[in-house]
Amino acid sequence: MVTGTLLAVMISLSGQAVAGTDEEQLARMKDPDQWPAPGRDFSLTRHSPLSDINTKNVNKLQMVWMQGMSALRGQEGQPLVVKDVGGKPMLFMVSGCPAMSNCNVVQGLDLSDPDQPKAIWNYVKKTDRDESAVPRACCDTVNRGGSYADGKFVFQTLDGFLIALDGQTGKEVWVVKNAFPEKGETGTPAPLIADDKVIIGFGGNEFAARGRITSYNLKDGSKAWECQSTGTDKDVCLTSETNKANPQYGQAGSDLGVKTYPGEDYKIGGGTAWGWYSYDPELKMVYYSTGNPGLWSPSYRCGAKPVSQEECNTGKWDNKWSMTIFARKVSNGDAVWAYQMTPFDQWDYDGINENMLTDMKIEGKEVKALTHFDRNGFAYVLDRTDGTLLRAHKYVTVDWAEKVDLKTGRPIKVFEHSPLEVGRNVSTCPSAMGGKDQQPGSVDPKEPNIFYMPTNNWCMEDEPQERTHTNQGTVYVFANVYMYPEVPGITGKVKKFDVLTGKTVWEIPDPYPNWAGTMNTDGGLMFYGSLGGDFRAVDRESGKVLWSRKLSSGVIGNPATWKLGGHQYVGVYSGIGGWIGLPVTAGLDLNDKFGAIGATAMAKASGLNLIPQSGELNVFRVSKSRRNHLG
């Protein structure tokens, strides 16, 4: 274990690392008192070893402070807490982007007095802003946070600037342009810092963007490597070794990222990597997933004539490498393996959800596993060393596919629930928003097959429309989508789910969709927030809600916890938004059932129009009395 003393040696007086950032970050991640990365660790477990707040005293949890954010919407990330920023414990937070005048404001708070934080700097980029990013953000002007290493806080703006700030002062260290709104690209994800590099993608499938992932050198922002999601083998960074253990997934040699699209549609083929990124520092491999292949009218992505369900799903028109989990070498981006979950997507089941790394015992064998709960309703378990598919269980109601064939890796699709032809209306579960969207789950590495997962429980009617243009940067959907609750009155459930057996251990139903992440702790608790604004602590064993507090707005952010001054704290953003909240935050007509690609109907059905808008970081700790610390 790297001790605190060694960590201090690794950091110079100026706050700059004198050893590799992997070692620096691992040292912080082994310190339970910090929340140093978006998922707390490289594996995205969102698990904390802290236990000061536990099942016995959580009823005494009280709000101790809150910090306002510049935006009243789109708070889809989490704060970072780092103890060793120039000798001070610091909290870093990034807001959403309702307008360029107050877009992605970063705040640095000194937590030397953890009950009375002091804002010592804030930052917002003022120059060269691109106002067109706001209407091109799909879906909503959200931000999922930043990452910290080598004395730098690194984040991406909605209009695509990747910025490294000095953690002590908030001054710019370097700025590079990573995403280009005129090409349909907008910056919403939190970057990964690994192996002295910053790895980042962007969103934009619904605006005809072409997805890619880029690695920048943390020291100066220079480009280290870049790999496309579509295109030639060289563009996608495939090699002769890619998918060596599973050739059925597709290999280099025939440019599948070009030939599985008609004509040159791969150039507007989506596959953006707008979700989360994980990393195995021993294998030196980065894991992330890609989104849908552009327009939602799938017959245009099939070159077969005549167009039919059978011809479009032979494998010839898979639209690779959209909807794909990639494992890449952190050193140069080479794809070790790539597994496409939903070949020839017909439902917008973006594959960008988090890939969580745990070590499991499966059929008597120790496996370095990767678990992915996909929008398509299946929970996948793969061997993260070579991509071998080990499990694929339904975790919500799924009718578009019977199952996933573990040998081929391909889903067995159901024609009756597969939209294809223009004008043919099809009902499908789950909806395009998925069994879950980007909102991340959590896992305790000591129980590596048990996941605490926010889920959405609604279906949709999808009617493909005629394609009218192929322009990047312009809305590129071409489908009428109507979403509705699977069961009236229940549109979300938080589940404790066993990915090896495919069984739900317990679940908590909610009248609102679940659009916030979960966090679990060694105190026997799981924390999450609801779109109704309820922040809750749950007994991990029984699923009983032990504590709940109403916040100023709905929660689409992810809880974090840290310990300073002898007290454990828990914090979460409030501020409704995201795809599900867009009809409310943008003031859309809720009577238009197709608005925001179906979100208006869902917002109306669940009463989201009654949720106020606000934007704060809310922080709690156990109080000796039941009286609120704020008086």
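Colleague: Which residues does Ser623 touch, not counting residues up to four places away in sequence?
Modeller: Ser623 touches Lys60 and Gln62 under that count, where contact means heavy atoms within 4.5 Å. This is a predicted model, in which local features need pLDDT of at least 70 and side-chain atom pairs count only at pLDDT 80 or more, while totals for chains, interfaces and linings use all residues. Residues are numbered from 1 along each chain as its sequence is written, and side-chain values use heavy atoms, with hydrogens and water left out.

Colleague: Is Ser623 buried or exposed, and where is its place?
Modeller: Ser623 is buried, with a relative accessible area of 13%. Buried means under 20% relative accessible area, exposed over 50%, and partly exposed in between, using a 1.4 Å probe and protein chains only. Its place is in the segment after strand S38 (616–622). Helices (H or I, at least four residues) and strands (E, at least two) are DSSP runs, numbered from the N terminus.

Colleague: What does the UniProt annotation "active site" cover?
Modeller: The annotation, from an unreviewed entry, covers Asp348. UniProt positions are given in the numbering used here, feature names are shortened, and annotations may be inferred rather than shown by experiment. Asp348 has its place in the loop between strand S18 (335–340) and strand S19 (355–362).

Colleague: Why does Asp348 count as buried, and which residues does it touch?
Modeller: Asp348 counts as buried because its relative accessibility is 4%. Leaving out residues up to four places away in sequence, Asp348 touches Glu206, Asn292, Trp296, Met323, Arg375, Ala432 and Trp579.

Colleague: Trp579 is in H6; how many residues of H6 are buried?
Modeller: Eight of the eight residues of H6 are buried, so this helix is largely enclosed by the rest of the structure. The buried residues of H6 pack against strand S29 (479–485) and H7.

Colleague: At what angle do the axes of H6 and H7 cross?
Modeller: The axes of helix H6 (residues 578–585) and helix H7 (residues 595–606) cross at roughly 70 degrees and come within 8 Å. That makes H6 roughly perpendicular to H7. Axes are lines fitted to C-alpha atoms, for helices over the stretch in contact, and angles run from 0 to 180 degrees between N-to-C directions. Angles under 35 degrees count as roughly parallel, over 145 as roughly antiparallel, 65 to 115 as roughly perpendicular and the rest as oblique.

Colleague: Which residues meet there?
Modeller: From H6, Trp579, Ile580, Leu582 and Pro583 meet Ala596, Ile597, Ala599, Thr600, Met602 and Ala603 of H7. Just after H6, Gly587 takes a positive phi of about 65 degrees.

Colleague: How many residues has the largest nonpolar core?
Modeller: The largest nonpolar core has 65 residues, and Trp579 is among those with the most contacts inside it. Apart from it lies another core, of 47 residues, including Val58 and Phe620. A nonpolar core is a set of buried Ala, Val, Leu, Ile, Met, Phe, Trp, Tyr and Cys residues joined through side-chain atoms within 4.5 Å.

Colleague: Turning to strands, in what order do S3, S4, S5 and S6 form their open sheet?
Modeller: The order is S3-S4-S5-S6, with antiparallel pairing. Strand S3 (80–85) and strand S6 (118–123) stand at the edges, each with a single partner strand, so one side of each has no neighbour in the sheet. Two strands pair if DSSP finds at least two bridges between them.

Colleague: How many bridges join S3 to S4?
Modeller: Four bridges join S3 to strand S4 (residues 88–94). In S4, Leu91 is the bridge partner of Val81.
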